[in-house]
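This briefing walks through a single protein chain, topic by topic, for a reader who is new to looking at structures. Please keep the sequence and the three-dimensional view open beside the text, and look up each residue as it is named.

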Amino acid sequence: MMSEVFVDDARNLKKRIKKQSIDVTITSPPYYDMKDYGHEGQIGFGQSYDIYLKDLKNIFKDVFHATKETGSLWVVIDSFKRDGAVVTLPFDFAREISSVGWKLQDVIIWKKDKTVPWSKKGTTRKIFEYVLFFSKGNDFKYYSERAREIRDLKEWWVRYPERYSPHGKSLEEIWEFSIPTQGSWGEGYIKHFCPLPEDLVKRILTLTTDEGDLVFDPFAGSGTVPAQAAFMARNFYGFELNEQYVQMFKNYLNSNIEKRLATHTSSNPPIDAEKFRTTILDLRILKYARVLFKKLKSDGVDIQKIWVEPSNEALDGKYTIAAARYLLLVAPGMNEQIQASLVKITQSPPLSKFGIMANITSIDDAKKFSDYLPSNRIFSYTQNNTHQHRSTAAAANSTDGVILSSIEMDINEEIYRNAR
Ligand SMILES: C[S@@+](CC[C@H](N)C(=O)[O-])C[C@H]1O[C@@H](n2cnc3c(N)ncnc32)[C@H](O)[C@@H]1O
């Protein structure tokens, strides 16, 4: 597929772009009657508010028809003050384009770090813009697991791994990205008024597109959206009235594409995301043993130790995320009696909510129990702590460690307590 930014009016979209071909549109429309982008046919400057809204509505109606059923639209847009009162452009705009079919899915706040230090009477200092997220239908592409936050978790995940998704925390509705400054795109490139941050565009592309998808910006400006799309191995189309901007974009793209494509690592989560995922699963598997131990005790079962190891069994349901094997050592003669307790305990919360497919067996013969254990790499944990193992030496015989496992977990919570 060809990628291209046309020096043309976005009102000509239908002539150039096929129906149902776009995957995702990301754009910031021209401002209303504030900025002169220096070209005839520009939207916003010199128009009445009604005409401006109508023009936008018509363009986004064409975008709607050019978008695939699984596609979406992201619009960065802001309110402004006119004649002493706020004009609610984001909401007026959302209403207009909802009437042509777009479904508003989310309202996100883009928090900028650098803004003007002053404010006017009756107005607090402006530090954000809206990002409106629309879908064409209900079956839109949205890979939330790719963009989860794993850095900002407080220490709670260590002790309560069952409350955290292995993919981390869902994205919040406030996104912080700094405004690109002159020069950050290379010498003299940004002479444009309002470029979008590359990382904001990157997040949206990660969330809603795959390699080879078609990304569109009807008001391409400095070309942040098409450039980022190209750097992430997506195709692009764009419109921009100002020929100079398009030329600058092309020069920028040509001199950077090779380097940027080489560092592009497809859409796989970064390696630390994978480490977080396995850690949460292991923590859950271990904690499951600890909770099981305590519950059996308070149910009157004389339980002495639990051996736990992850297993590769195929998961059996939508809500299971890991499989593990648990071998329980109970006091002689307790083996029969424990069964009823086990059913009751594992089928009710909290254990039923852990997402662990547990294969549990119990024996009342200490010799058989230790024969089952491997000869080395046994890590021992107490009934109060399954995130930091005790000494590994002679773990099988240690008296304080009641949970024994092949899983090595050595997390010092203090590190996370103060981290932010
Ligand atoms: C807010 S800026 C877009 C900034 C862009 N997102 C970026 O990262 O640089 C809006 C752009 O729309 C362009 N524009 C205005 N009217 C247009 C029209 N009818 N067709 C295509 N582009 C238009 C302006 O020249 C301006 O560059």
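In this predicted model, the count of cavities of 30 Å³ or more comes to one. Rolling a probe the size of a water molecule over the atoms shows where empty space is left.

**The cavity**

- The largest cavity has a volume of about 340 Å³, and the residues that line this cavity number 29.
- Among the lining residues, Pro-30, Phe-219, Ala-220, Gly-221 and Glu-240 are the ones that lie nearest the centre of the cavity.
- Helix α6, residues 224-231, and strand β10, residues 235-240, each supply at least two residues of this lining.
- By residue class, the lining of the largest cavity is made up of 15 nonpolar, 10 polar and four charged residues.

**A residue in helix α6**

- Ala-227 lies in helix α6, and because its relative accessibility is 0%, Ala-227 counts as buried, a term that applies under 20%.

**The five-stranded sheet**

- Five strands form an open sheet with mixed pairing, and their order across the sheet is β13-β12-β11-β15-β14.
- The edge strands of this sheet are β13, residues 356-363, and β14, residues 379-381, each of which pairs on one side only.
- From one strand to the next, the twist of the sheet averages 25 degrees.
- Helix α9, residues 338-346, packs on the sheet and touches both β12 and β13, and the direction of α9 makes about 165 degrees with that of β13.
- Within the sheet, strand β11, residues 303-311, and strand β12, residues 322-330, pair in the antiparallel sense over eight bridges, and Glu-309 stands opposite Arg-325 in β12.
- As a guide for viewing strands, the side chains in a regular strand alternate between the two faces of the sheet.

**The pairings of strand β6**

- Strand β6, residues 103-111, pairs in the antiparallel sense with strand β7, residues 128-135, over eight bridges, and the bridge partner of Lys-103 in β7 is Ser-135.
- Is the pairing of β6 with strand β8, residues 174-176, parallel or antiparallel? These two strands run parallel and are joined by three bridges, with Trp-175 in β8 as the bridge partner of Trp-110.

**A mostly covered helix**

- Helix α3, residues 89-98, is mostly covered, since seven of its 10 residues are buried.
- The buried residues of α3 are Leu-89, Pro-90, Asp-92, Phe-93, Ala-94, Glu-96 and Ile-97.
- The elements that cover these buried residues include helix α2, residues 49-66, and strands β3, residues 67-77, β4, residues 80-82, and β5, residues 85-87, together with β6 and β7.
- As a guide for viewing helices, an α-helix has 3.6 residues a turn, so residues three or four places apart point the same way.

**The protein as a whole**

- The protein contains 11 helices and 15 strands, and buried residues make up 48% of its 420 residues.
- Of the contacts in the protein with a separation of 6 or more, 72% are between residues 24 or more positions apart.

Key:
Residues numbered from 1 in each chain as written. Predicted model: local features only at pLDDT ≥ 70, side-chain atom pairs only at ≥ 80, totals over all residues. Heavy atoms only, no water. 1 Å grid on protein atoms, 1.4 Å probe; cavity = no way out; pocket = protein on both sides within 12 Å on 5 of 7 lines; lining within 4 Å. Points joined across faces, edges and corners; volume = space filled by probe spheres on them. Helix = DSSP H or I, 4+ residues; strand = E, 2+ residues; numbered from the N terminus. Nonpolar A, V, L, I, M, F, W, Y, C, P; charged D, E, K, R; others polar. Pairing = 2+ DSSP bridges. Axes fitted to C-alpha atoms, helices over the stretch in contact; angles between N-to-C directions. Contact = heavy atoms within 4.5 Å. Buried < 20%, exposed > 50% of the residue type's maximum accessible area, 1.4 Å probe, protein only.
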